Amino acid sequence: MTERVLMKGNEAIAEAAVAAGCDAYFGYPITPQAEILEWMARRMPELGRVFIQAESELGAINMALGAAATGARVLVSSSGPGISLMAEAMSYMAASELPMVLVNVMRGGPGLGSIQPSQSDYFQATKGHGHGDYHVPVLAPSSIAEAIELVPTAFEIAERYRTPVMILTDGSLGQAMEPVVPRFRALERPTFDWTLSGADGRPPRVVRSLHLKAEDLEAHNRVLQAKYHAIEGAEVRWAGERLDDAEIAIVAYGTAARVATTAMARARSAGLRVGLFRPISLWPFPSVALRALAPRLRAILVVELSAGQMVEDVRLAVEGGVPVHFYGRTGGMVPTPGEVVRAVETALFDPEVDPVSLVALAGGTR
Amino acid sequence: MAIALEGSVAPATWAPLRIATDRCKGCELCLVACTPGVLALDTSVVNVLGYHPVRLIDAAACTSCARCAKVCPDAVFTVFAPPRAARAPRHAKEPTR
Amino acid sequence: MTTETPTRTTRLESDESPRIVYQRPELLTDRSTHYCPGCGHGVVHRLIAEVLGEMGLGPRTIAVAPVGCAVFAYDYLGLDFCEAPHGRAPAVATGIRRVRPEAFVLSYQGDGDMAAIGTAEIVHAAARGELITAVFVNNGIYGMTGGQMAPTTLLGQKTTSSPGGREAVLHGYPLPITEMLALIPGVAYAARGSVLDPGTIGKTKAFLRRACEVQLEGTGFGIVEVISNCPVGWGMTPRQSMDWLRDNVAAVYPPGVIVDRGRPALSLPVASRPEAAADDA
């Protein structure tokens, strides 16, 4: 099908999950992702699949835990405050090695915050966000077309490694409508040997995360860590634009990367050699590629819709090899390309000036 | 459901209770439940769990009522009753086994 | 396993063998439980093993284990089990039930799990009429964490977090969770049993069986609360704990069938007086 269709981001993500063979969706209304819930409320019963609007995000994520324990392909979606409620179950699911895809359509925070887009849940997503030593792979689309591709990829990673996977997007992408060629991908069914189905003619199975003997839990942690190393080796994703001759690279993901793309074009036409390094997997973070790029640059500018979260991983990755500057807006404000260009110029020509102070010039309060 | 005792066709002895003493925790709830009072903790024994296990002290008075088995949290009891044919003819009906 | 030497002898006629009146149900594993001596969890596990075994449901069951003393239920019952976070068992059971229509789904929770942190999950599973059978072991205390007050702790009862005894003004009243749930139309069966003595244990087993039938019939959500003892948490011997259960707990949480919507002709009003509930058993 080569015809382009106008699709809303949230609905495209939902339909991509349906096409990928999602068996069950559990959710709770929260802005700006209610459209995912509503799309699934219509589509899943149509197909005889499972849909529940749970009593809360706590209910939804735990329903997902139960369904995933039986080997079902499960999608859950929410936004910041709801994702926080899901942290406990995410830790349990990582520990119990259950596959699942969780979509966070980020909004302004912290707290109840605002309903406009942000990227302030990066720490939460990439640093485990629940208790204990674990990670979940995090994928960040920056267009609706890319979101449609990454949803089945997320299910594949989840099932290949037996892990929850998060898709981190924001309210802008969720609410926007873009023309896309709807390349929805169907996925095969893997066979599992660990799922719960009733101990009929086989020994009983237990899906658990409690290992009271410390030696046992350490052994289990080593298994999990080995899994994360394997994922770090195989599932890094990033995209680069105009990096070959760049003197400054903007590092940004999601909506920030879209703004940065326009800023890059404007800066280039003003003679500045700007490139864009766009992480697509936020965990595992493309540290190796970034570190390889750093020596060729005079500066890096990280742009986020937050007070600065991914910038820490960028600084860790380049290990002091190149100055790293940061520009961001919080609260649901989205930087304009003009602001980003000014931040690029500041980083290149006034490196002592903190680009974030430019926010005052843009009319916002610091 | 009938079980066969090892060996003989007509065994001379049988017990109304078989007790998994290694699983008993000496909670005494069976002593409370037992109406004829045929159970007691065996204070001369400490089992692998560290408790005095229960012991049948008067098998003749045991009526195989299984109240002990019903209250036991650790399911240590297997309760036997004499086969219907061997019982005193208290019942008008023909035995079904 | 040591065998008692018999002290009664009797000569058996012909080659008839003694009948087995009672034996350990097959669905109980061989492991000795970690539960304290006299703990009601052991009885409830045994009843579940008996009922599921008699109904042939073992191979189809997917059960959900709580957080609390009974977290290890999966070591003692030979069933597929999923561990749930504290309070979330009804949601986990819902997820399982919806994607596995052919399974038999059982959840097992204590009073903290269901009546404190998990109140929302149990109410909404009941409201959805979820086809699961919920077992609720109510011993009025948080056993595993060392004996703190539970939502079902009795007024006046001393616990490590109500050392002066529970007072309504400080701690609120004990929650009648099962009566609350029974109001919900999605609940097809709600009953309360106890582990007090062989008679009540037999009735509890019947309640459990009926709650399982209700799931198989597809009429709705089934819950069996079992008032139980916690000798160590209550600071009593097992014998004393049964006295407490009979003399104090049963008055506040009276055993009986609270509602059975699966048999409309026999549907009973929500119990309002202890003696009314006792008659329903």
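# Chain contacts, sheets and helix packing in a predicted model

In chain B, 60% of the contacts between residues at least 6 apart in sequence join residues at least 24 apart. Two helices and four strands make up the secondary structure of chain B, and along the sequence they follow the pattern β-α-β-β-α-β. Chain B has 97 residues, of which 40% count as buried.

How do the chains meet? Two pairs of chains are in contact, and of these chains B and C share the most contacts. Chains A and B, by contrast, do not touch: 19 Å separates their nearest C-alpha atoms.

Chain A does meet chain C, with 34 residues of chain A in contact with 29 residues of chain C. On the chain A side, the elements that give two or more residues are strand E2 (24-27), strand E3 (50-53), helix H3 (57-69), helix H5 (87-96) and strand E9 (206-207) of chain A. Of these, H3(A) gives the most, with nine residues. Sorted by class, the side of chain A that touches chain C has 20 nonpolar, eight polar and six charged residues.

Strand pairing also links these two chains. E9(A) is joined by two bridges to strand E3 (residues 80-83) of chain C, and the two strands run parallel. Val206(A) has Phe81(C) as its bridge partner in E3(C).

Elsewhere in chain C, helix H5 (residues 119-127) has Glu121(C), Ile122(C), His124(C), Ala125(C) and Ala126(C) as its buried residues. An α-helix has 3.6 residues a turn, so residues three or four places apart point the same way. After H5(C) comes Gly129(C), which has a positive phi, near 60 degrees.

Back in chain A, five strands form an open sheet in the order E10-E12-E11-E14-E15, with mixed pairing. Strand E10 (238-241) and strand E15 (324-328) of chain A are the edge strands, each pairing on one side only. On average, neighbouring strands of this sheet are turned by 20 degrees against each other, direction ignored. Within the sheet, strand E11 (residues 248-251) and strand E14 (residues 299-304) of chain A pair in the parallel sense over four bridges. Ile250(A) has Leu301(A) as its bridge partner in E14(A).

Which strands of chain A does helix H10 (residues 254-269) of chain A lie across? H10(A) lies across E11, strand E12 (274-279) and E14 of chain A, and runs at about 165 degrees to E12(A). Helix H12 (residues 310-318) of chain A also packs on the sheet, where it touches E11, E14 and E15 of chain A. The direction of H12(A) makes about 155 degrees with that of E14(A).

The last stop is a helix pair in chain A. The axes of helix H1 (residues 9-19) and helix H2 (residues 34-46) of chain A come within 8 Å and cross at roughly 40 degrees. H1(A) and H2(A) are therefore oblique to each other, as angles under 35 degrees count as roughly parallel and 65 to 115 as roughly perpendicular. Their crossing is right-handed. H1(A) makes the contact through Asn10(A), Glu11(A), Ile13(A), Ala14(A), Glu15(A) and Val18(A), and H2(A) through Glu35(A), Ile36(A), Trp39(A), Met40(A) and Arg43(A). By class, the contact of H1(A) with H2(A) has six nonpolar, one polar and four charged residues.

Key:
Residues numbered from 1 in each chain as written. Chains lettered and ligands numbered in written order. Predicted model: local features only at pLDDT ≥ 70, side-chain atom pairs only at ≥ 80, totals over all residues. Contact = placed C-beta atoms within 7 Å. Buried ≥ 20, exposed ≤ 12 C-beta atoms within 10 Å, placed from the backbone. Nonpolar A, V, L, I, M, F, W, Y, C, P; charged D, E, K, R; others polar. Pairing = 2+ DSSP bridges. Axes fitted to C-alpha atoms, helices over the stretch in contact; angles between N-to-C directions. Parallel < 35°, antiparallel > 145°, perpendicular 65-115°, else oblique. Left-handed = near helix turned anticlockwise from the far one by under 90°.
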